[in-house]
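Have the viewer open while you read.

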Amino acid sequence: MSWELSDWLPRDVELTVSGVHNENGAIFCEGSVKVSFDGSPWDSPIAPLSLGGTALALGGLAWTARGKGAA
């Protein structure tokens, strides 16, 4: 079985997908499956963006935490 999935999905990460089917207010069946996508974490375009966002946040934190000189 195969699907066309977005390139934005993280690669080499295991995700748990679960579902429940209710009938007349009672659980009829339920289940879960673990899914992972082949490739490296750097195959997704979101990986460099998140790394860049983290670097900017850390830079902003360092800039805010710097000591103010005596005026």
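The notes below go from the overall layout to single residues and pairs.

## Ground rules

This is a predicted model: local features need pLDDT of at least 70, side-chain atom pairs count only at pLDDT 80 or more, and totals for chains, interfaces and linings use all residues. Residues are numbered from 1 along each chain as its sequence is written, and side-chain values use heavy atoms, with hydrogens and water left out.

## Overall layout

The protein chain has one helix and two strands, and from the N terminus on they run β-β-α. Helices (H or I, at least four residues) and strands (E, at least two) are DSSP runs, numbered from the N terminus. Strand β1 covers residues 14-23 and strand β2 residues 26-36, while helix α1 takes in residues 46-65.

What does the radius of gyration say about the shape? A compact globule of 71 residues would come out near 11 Å, but the protein chain has 22 Å. That radius is taken over C-alpha atoms, and the globule rule is 2.2 Å times the number of residues to the power 0.38. Along the principal axes, the C-alpha atoms fill a box of roughly 75 × 35 × 15 Å. Buried residues make up 6% of the 71 residues; buried means under 20% relative accessible area, exposed over 50%, and partly exposed in between (1.4 Å probe, protein chains only).

How many salt bridges does the structure hold? There is one: the side chains of E14 and K34 meet at 3.8 Å, N to O. The pair links distant parts of the chain, with E14 in strand β1 and K34 in strand β2, 20 residues apart. To count, a side-chain nitrogen of Lys or Arg has to be within 4 Å of a carboxyl oxygen of Asp or Glu. Both partners sit in the open: E14 is exposed at a relative accessible area of 54%, and K34 is exposed at 57%.

Between β1 and β2 there is a loop, and N24 is in it. N24 has a phi near 55°, a positive value in a residue other than glycine. Most residues other than glycine have a negative phi. N24 also counts as exposed, at 82% relative accessibility.

## Helix, rings and a nonpolar patch

R66 lies over the face of W63, 4.1 Å from the ring centre. The rule here wants NZ of Lys or CZ of Arg within 6 Å of the ring centre and within 35 degrees of the ring normal.

On the surface, W8, I46 and L49 form a nonpolar patch with about 320 Å² of accessible area together. Patches are made of residues with over 30% relative accessible area and no salt bridge; like charges are joined within 9 Å, nonpolar side chains (Val, Leu, Ile, Met, Phe, Trp, Tyr) within 5 Å. The areas come from the Shrake-Rupley method with a 1.4 Å probe, and for residues only the protein chains shown count as cover. L49 lies in helix α1 and counts as exposed, at 52% relative accessibility.

## Some distances to check

S36 is found in strand β2 and is partly exposed, at 45%. L9 and P45 are 36 residues apart in sequence, with 8.8 Å between their C-alpha atoms. L9 belongs to the segment before β1 and is partly exposed, at 26%.

G60, in helix α1, is partly exposed too, with a relative accessible area of 31%. The C-alpha atoms of G60 and A47 are separated by 20 Å, with the two residues 13 apart along the chain.
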